[in-house]
Amino acid sequence: MTNQPKTFYRYRAFSTTTLDSLCYDTLFFSHPGAFNDPLDCSPTLSCDSNNDDLRKLLAFFFSKRVSSEVLSHLSHARIRGNTASEHATKRARRETENELANIAYNATNPDYEGALEENESWLLMQAIECELRRWYERGVCCFSTSYSNPLLWSHYGDQHQGICIGYSTKRNPVPQLQKVIYGGSRAIRTSILCDAFLHNAEKAMVDLDRDVLLRKASGWKYESEWRLIGKQGLQDSPLLLTEVVFGLRCPPSIIHSVIKAIEGREKEVRFYEMHEVRDSFSLRRRLVDVDELQVSLPVTAASGIEMFGPYECEDTSSNNT
């Protein structure tokens, strides 16, 4: 297993959602379709299997999905147990048979130029690729190992106006983040799918998970990304919040609000602010002077009279003759 860094960082724009995640110690696991890179977690298939294996693969994915969908609907209707399982199995078998029959029939379309076997192979590949992407629709939460990358601050930290939240893995159980691999190919060989899903080969499944969920284009390497994989949506954080870093342009009011929001937490959280390095394009951080911040904020806007007292007009009547 790859040695994990001590601290992982998550850049965020300041918002009520960000403040909620700090107060309630939650993380949002995104659907891969919401990523800013449309190629991320979006594999393509490379065929090195015969049509019989392709049919078995499609039958596996299709029946699993249909069965799961049927069970979900039945559960909402409060139908559970053996009755629900048997109905879901029968429904999945019937729809899978229909899907394979439709593909075999469509392969005979005279508009296709290839031979019948080639046409069916192509149609099976399209269907398997679609099912594979659905299979891997898991929640992903992304982190970096750097808190000082100017590009990350610009792209994910609201152009340096936001915050960067630091987490450690000192929890029980220890959460396992996975390192993103940059470069390589998006293509997945169908023989790997057969080994992983039809033959239950553990190594094939590990390799498949890596290539689908952790591989990105080399241009993203500057992010130094690690990932938590889990259920989609808002989840309790398995990590330990240890620090908050405020961006170079982060307003003092936000710094004050964040510190006040999470002060008194059981585990100590350290607060930093970024600053420029003179004659350099680098950024560094320093501890926030909380005492100085508390003296200067919050403030009450004072009128001129409240600040300097009532205005006294000079009596000039004695000078009038």
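Student: At what distance from the ring centre does arginine 285 lie over the face of tyrosine 272?

Tutor: Arginine 285 lies 3.8 Å from the ring centre of tyrosine 272, over its face. A charge is counted as over a ring if NZ of Lys or CZ of Arg is within 6 Å of the ring centre and within 35 degrees of the ring normal. Lysine 216 also has its charged end over a ring, that of tryptophan 220, at 4.6 Å from the centre.

This is a predicted model, in which local features need pLDDT of at least 70 and side-chain atom pairs count only at pLDDT 80 or more, while totals for chains, interfaces and linings use all residues. Residues are numbered from 1 along each chain as its sequence is written, and side-chain values use heavy atoms, with hydrogens and water left out.

Turning to ring pairs, the whole structure contains 12 aromatic pairs; rings of Phe, Tyr and Trp (its six-membered ring) pair if their centres lie within 6.5 Å, with planes under 30 degrees apart counted as stacked, over 60 as edge-to-face and the rest as tilted. One of them joins phenylalanine 60 to phenylalanine 61, edge-to-face, at 5.5 Å centre to centre and 75° between the planes. Phenylalanine 61 also forms an edge-to-face pair with tryptophan 135, at 5.6 Å centre to centre and 75° between the planes. That pair links distant parts of the chain, 74 residues apart: phenylalanine 61 is in helix H2 (residues 51-76) and tryptophan 135 in helix H4 (residues 116-135). Helices here are DSSP runs (H or I, at least four residues), numbered from the N terminus. Ring pairs link Phe60, Phe61, Trp135 and Phe197 into a cluster.

Notes:
Helix = DSSP H or I, 4+ residues; strand = E, 2+ residues; numbered from the N terminus.
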